[in-house]
Amino acid sequence: MSLNKAAIAAFFLSLGWSGPSAADVACAPDRVIFQTSDGPVAFQVELADDEAERAQGLMFRKSLERGSGMLFVYDTPRAVSFWMRNTYIPLDLVFLDQSGVIRHIHSRAVPLDETPIPGAAPGDPDPDRQMILEIGGGEAERLGLAVGQPMAHPRLHQDLAALPCG
């Protein structure tokens with residue numbers, strides 16, 4: 001099942017949501033929720049949280065359903081770099097710090113390109129990343145994702161999370 005922006009927005013509006021609050025964000029391991037300037041945006045996600053899953057990623061997939069993606073989770077923040085080896089679909093890579101805040105977005109990564117995609121923009125004073133979300137190419141822009149926005153997910157250390165789970 002894919003959760004879309006309108007459904008998530010309706011859910012939060014029914015709660016009287018006016019901004020991020022621990023009591024308002026119902027997290028699930030297979031879902032991430034971003035707070036954008038236009039309201040909440042959710043994705044259904046597969047987790048890649050061990051070395052083998054992170055190495056495989058979305059390789060060899062021929063499609064990716066709108067509203068879905070893969071969330072790469074590291075135990076501790078680290079410098080990361082991705083590539084598109086054996087990846088047949090264009091992707092947006094959303095790089096997040098340990099508080100779940102978007103720090104860098106690489107839009108429309110080219111299928112099969114082996115050029116490294118760094119997790120930090122040039123000059124970023126803190127280039128370490130805890131999580132990376134891969135979604136369909138162009139989805140970040142279409143849905144209004146931007147640097148500085150928080151994401152909620154139960155795998156974030158909730159004491160550090162910019163948008164903690166309720």
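**Disulfide, loop and cores in a predicted model**

Reader: How many disulfides does a search of the whole structure find?
Author: The model discussed here is predicted. Within it, a search of the whole structure finds a disulfide count of one.

Reader: Is cysteine 165 buried or exposed?
Author: Buried means under 20% relative accessible area. Cysteine 27, with a relative accessible area of 23%, is partly exposed. Because cysteine 165 has 18% relative accessibility, it counts as buried.

Reader: Where is aspartate 30 found, and which residues is it in contact with once its neighbours within four places in sequence are left aside?
Author: Aspartate 30 is found in the loop between α1 (5-14) and β1 (31-36), and at 38% relative accessibility it counts as partly exposed. The C-alpha atoms of aspartate 30 and phenylalanine 43 are separated by 8.3 Å, although these residues are 13 residues apart along the chain. Leaving aside its neighbours within four places in sequence, aspartate 30 is in contact with Phe43, Gln44 and Val45.

Reader: In what order do the elements of the protein chain run from the N terminus on?
Author: The protein chain has three helices and nine strands. From the N terminus on, these elements run α-β-β-α-β-β-β-β-β-β-α-β.

Reader: Which residues of the largest nonpolar core touch the most other members?
Author: In soluble globular proteins, nonpolar side chains tend to be buried together. In this chain of 166 residues, 48% count as buried, and the largest nonpolar core holds 20 residues. The residues touching the most other members are Val32, Phe34, Phe43, Val94, Leu133 and Leu145.

Reader: Which residues are in contact with valine 94, leaving aside its neighbours within four places in sequence?
Author: Valine 94 belongs to the largest nonpolar core, where it is among the residues that touch the most other members. Its contacts, with those neighbours left aside, are Phe34, Ile102, His104, Ile105, Met131, Ile132, Leu133, Ile135 and Leu145.

Note on methods:
Residues are numbered from 1 along each chain as its sequence is written. This is a predicted model: local features need pLDDT of at least 70, side-chain atom pairs count only at pLDDT 80 or more; totals for chains, interfaces and linings use all residues. Side-chain values use heavy atoms; hydrogens and water are left out. Helices (H or I, at least four residues) and strands (E, at least two) are DSSP runs, numbered from the N terminus. Buried means under 20% relative accessible area, exposed over 50%, partly exposed in between (1.4 Å probe, protein chains only). Contact means heavy atoms within 4.5 Å. A disulfide is a pair of cysteine sulfur atoms within 2.5 Å. A nonpolar core is a set of buried Ala, Val, Leu, Ile, Met, Phe, Trp, Tyr and Cys residues joined through side-chain atoms within 4.5 Å.
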